[in-house]
Protein chains: 4
Amino acid sequence: MNVRTRVSIVGATGYSGAELCAILARHPRVELVGVHSSSGGGSSPFASLHPSLAGRSGPAVTPFVLASLLASRPEFVFLATPNEAAAEIAPKLLASGCRVIDLSGAFRLPHAEAYPKWYGFTHPAPELLKEAVYGLSEWADGALAGARLVANPGCYPTSVILPLRPLMPLLAEGHAIVCDSASGVSGAGKKSDLAFSFGELSGNFKAYGVGSHRHEPEMRNALGLNERAPFVFVAHLLPVVRGILSTIHVTFDRPVSAEELTRTYRRAYDGKPFVRLHPAGTLPDLKDVVGTPFADIGFSLLGEGRQAVVVCCIDNLLKGAASQAVQNLNRMIAAGETEGLS
Amino acid sequence: MNVRTRVSIVGATGYSGAELCAILARHPRVELVGVHSSSGGGSSPFASLHPSLAGRSGPAVTPFVLASLLASRPEFVFLATPNEAAAEIAPKLLASGCRVIDLSGAFRLPHAEAYPKWYGFTHPAPELLKEAVYGLSEWADGALAGARLVANPGCYPTSVILPLRPLMPLLAEGHAIVCDSASGVSGAGKKSDLAFSFGELSGNFKAYGVGSHRHEPEMRNALGLNERAPFVFVAHLLPVVRGILSTIHVTFDRPVSAEELTRTYRRAYDGKPFVRLHPAGTLPDLKDVVGTPFADIGFSLLGEGRQAVVVCCIDNLLKGAASQAVQNLNRMIAAGETEGLS
Amino acid sequence: MNVRTRVSIVGATGYSGAELCAILARHPRVELVGVHSSSGGGSSPFASLHPSLAGRSGPAVTPFVLASLLASRPEFVFLATPNEAAAEIAPKLLASGCRVIDLSGAFRLPHAEAYPKWYGFTHPAPELLKEAVYGLSEWADGALAGARLVANPGCYPTSVILPLRPLMPLLAEGHAIVCDSASGVSGAGKKSDLAFSFGELSGNFKAYGVGSHRHEPEMRNALGLNERAPFVFVAHLLPVVRGILSTIHVTFDRPVSAEELTRTYRRAYDGKPFVRLHPAGTLPDLKDVVGTPFADIGFSLLGEGRQAVVVCCIDNLLKGAASQAVQNLNRMIAAGETEGLS
Amino acid sequence: MNVRTRVSIVGATGYSGAELCAILARHPRVELVGVHSSSGGGSSPFASLHPSLAGRSGPAVTPFVLASLLASRPEFVFLATPNEAAAEIAPKLLASGCRVIDLSGAFRLPHAEAYPKWYGFTHPAPELLKEAVYGLSEWADGALAGARLVANPGCYPTSVILPLRPLMPLLAEGHAIVCDSASGVSGAGKKSDLAFSFGELSGNFKAYGVGSHRHEPEMRNALGLNERAPFVFVAHLLPVVRGILSTIHVTFDRPVSAEELTRTYRRAYDGKPFVRLHPAGTLPDLKDVVGTPFADIGFSLLGEGRQAVVVCCIDNLLKGAASQAVQNLNRMIAAGETEGLS
């Protein structure tokens, strides 16, 4: 009854991997049997991964070696590695009978042809791209139960798709959907990079990746937009550590009321514990969600109901990575969606 | 020949007023004859207004009293007071023969009817609204020379109108213009307000004022858009002290090339020393302009030239307030545009 | 066996009070029966107090009224109010049979004569000052079990007394003990105060309260130093939200080895779950403890063992306030020291 | 009469080097004839070095090559390179007849034996260590006029020696002098280093370098303290970009009055334009000096005049590096001390 699922992590020392360890260490249905770094280096104590793990015991963090990982017999493996590493490792884990939840971008796009352009490498396992389930938890429910391979969504896409997807049937064709998203610096991972130094970022703000961000095809795919549809995504770098706030602009094909929009969101997210809808006309702040597994959504109507501004906030390391991965795990092991997350 | 213009300031202790004093104290064509606070209180030394004034002598900062201000016989008076105070004071100064550069919003909108809705007061001098010259320096040149009353633009409007105005003839009708602007906290002035405390703002980011920001009618007016035109402005509060970055989205009525857009901007701003155009496809950062009197503009084309993302950065206290006011003064006294500003 | 203790909070809407609610809401031995603000205002939902309470139910937050508080029959009341309010409320609660844990400074000093000078008010219940137990958990153990009134220590004192107290027998008389402590801004509480605005604090750092900080007599008292002993405490304000780091300098009366110092600290804190000793020669960072109930201590020896630099870090809102209050509660109800805190 | 001195810079692309260029570009007595990076790379425009240089012309920034530098015939060369590079370059420049102002630590310590321990290299030009003038401007006046080689002081030492040196005759022997100094991150230079990333530093504060900071022997030397004298210097890393605040604790050998201390400082610094003394009992903030060439000093007396807390603030890149280097240049070319600096 209370049997715990055996779980391993590869890529535990990055920001997302460490959050994942912090969650899984407290998960009542999970036994952490292996914790691995993907960057080599020596062994380090489990408790050193995250301040909240102080005093907790767990497997030592060791460099990833396939054979040793398999020796601890995990049923599930989370990959929080760079994209190309995940694309290499996942097929081997699946071949050994593990189920895989991949937090990288290695299996998010459906077509192998897209990988050289957006990710800079030729995909080593194109046959798995069709099988991989895109794990935006609130929309993937059915497919997760039996999935062997889950592609956990990107942080920006989570903050854009959740608020946009319910609105898609209402939008006027030919009018651009505009997404200005701003992320804290942890979204870029742990970086020894002058551009991410305190001296350069403090007091700064900038837009980047216009038309070239690899999260854009992921969003288009999940929203059913082809590459010519007028969809504009601009990433911005905030001088904060955690959190994403996306400001999204849409044009409806007819005037829409606040009540109708509220109903539309309710239909999509009632019963989804990690999506919180603000009252019409009010917008969430970044701070409302930092440190939490929630996506907060609010909207304001303009132009007599022809236009809306929708704001969605998430913690990029949680709902944008680690906690969403655990939501997916919960679905895959038929646990309650909030187990280990509240 | 080298006669200095006699200048006074009311509202010198706020963030913009202090920057203005710092500039004017070094201006080779200006003699500061009066420096006044609008909030009452006692007298304080001139050098206490701004770190860069250390060691400089200048008039003591005294509470504003009309008669004493006039006694020092200024030819020009800068108002950096709250909106309603400026609306009350300006007519009296004009009546006494002073020329006025108002950094508040008191004379920015052309119709008195707009004031109760957007500014919360009934305008006491509606007849002056027509006379006031809207002082977006790069576009107001001709009118400034003889102006008695200049309405210095708002900080957000400066960052939105400068990049948008040259593009207006190219835009597709019926498609929304979208402006997501993010400002540092000094834009709100010196505030004893929990919402602006370090504890609340550090690590936060939020959108505000959707459809209700008083800078929106100012932008529509300067861009020739009526109130039903699809124009969306969303202000955001950044956890930085200074600077505004506006990310602006437009749809053209036909495909446009980078060369054409560059030419369009060149036509508008060649010879304008405080507008800097980035090479096509590159965008400015906030840090490029903080502490400077420049507006930096960059753009990226999308959708095969049907769409553009334009980014404009300014220092909200300088090009968005104090340095633009001095650009305007320079025009009004027939000094070189950059005098006192480089 | 598993009977929960009935607990109320007064002052729940401040930073410390909100942290306290977040902890107590998850405490397995506690039932929160009343949650009150001390500042008046209306009623607000329990979950609005703290991001981590999202989705949790609990008593609505209502303005403090003695009779209503008593009507919910709490056995324990936490006071997280301003000092003078706590001094007024505590006697009434005690008279009604409640036990009180006071997070303010109202009962920290042993002599009523000290209150006008250090706290600015005449103490209304001097007879309780002798009875109050000073709740620095690691040193108060015995006295807590039967205490009716606990004075929870100040944040700076916690960070200074914990590292200093074990060293006191080793110190050279006549040589100054020097404590330079730096605190995040939440230590000052929620402030609508220009001096605590983001614009004023960002990028700043300053020393304050030299010789006049009310935490100094508290430290002297707990360390057994009279007011003429050479003890120097300087508070500094850091541009961070949470955390205190105290850098402490001592002179020994003979050369001391790292081993001896380590042994001294071990004797004091082995078995104390919330004090963590760093290896000799290494010092903790603020980030090691932010968001945790720990006090981290590290030291470096200098001058051939005649001098030491000791650094202690805590989260000012947790070990410096809320989590230490819960440590004390645990002792008072004979629960495990870490219950509700890990 | 108005002949400009020909000056070159090596190491112009670091934080201090860029500030130096920004100052020298406006200096009325200087002609910048060469601007070189010490880290290789290609050529870049002069104006790209610093935001305040926008629109200014100046020599292109080229990689340092001795022959090309000499070809532009500088009379003075500023070195803002890493320590070891400066130790290698300076002798060659001197041999070619240039005068050198070195902002690195290569010539700050008087004895070559100290270099392997504190700087990690064997000094290549020990004979120059005696000749080098230690350029703490306020104390080096006489020696600067004829100096060929000036060792510009470190940032921490400037903030410690200026407030301490006038007090030395008053101090009680055998009692420790304690200096807790906190610096913004630009003090560490431009770093591609995880430890200096925004993600790691934001919200953090830490002590480092206890007993092992290379600025400590520099301070002891300038204060006339041998290595066994009880002098404790602890560096701390602040989450701000610029500025150092040093909190210094001293014990006098007899009670001292505020008037006497004020007189002592006045005697030392009256007529020194870049040292500002606060009124007795008041302390400067970091923000008072950031962006300025000033050192601000304030003190509070304690223990009936037996102890003092002295606080000194500087901008680490200006008075702690670039502006002090220009103060020294001014002395060396017999210009006014404030020329180019106000």
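**View 1. The interface of chain D and chain A in a predicted model.** Chain D and chain A together bury about 1,400 Å², where buried area is the accessible area (1.4 Å probe) that two parts lose on being put together, summed over both. Carbon and sulfur atoms hold 67% of that area. The contact (heavy atoms within 4.5 Å) takes 17 residues from chain D and 17 residues from chain A. This is a predicted model, in which local features need pLDDT of at least 70, side-chain atom pairs count only at pLDDT 80 or more, and totals for chains, interfaces and linings use all residues. Residues are numbered from 1 along each chain as its sequence is written, chains are lettered from A and ligands numbered from 1 in the order in which they are written, and side-chain values use heavy atoms, without hydrogens and water.

**View 2. The chain D side of the contact.** Helix H8 (residues 198-201) of chain D gives the most to the side that touches chain A: four residues. Helices are DSSP runs (H or I, at least four residues), numbered from the N terminus. By class, this side of chain D has nine nonpolar, four polar and four charged residues. Asp, Glu, Lys and Arg count as charged; Ala, Val, Leu, Ile, Met, Phe, Trp, Tyr, Cys and Pro count as nonpolar; the others, Gly among them, count as polar.

**View 3. Chain D laid on chain A.** A rotation of 180 degrees, with 0.1 Å of shift along its axis, superposes chain D on chain A (RMSD 0.0 Å). The same surface serves both copies, as 100% of the contact residues of chain D recur in chain A. Copies are superposed by least squares on the C-alpha atoms of residues with pLDDT of at least 70 in both.

Definitions and conventions:
Helix = DSSP H or I, 4+ residues; strand = E, 2+ residues; numbered from the N terminus.
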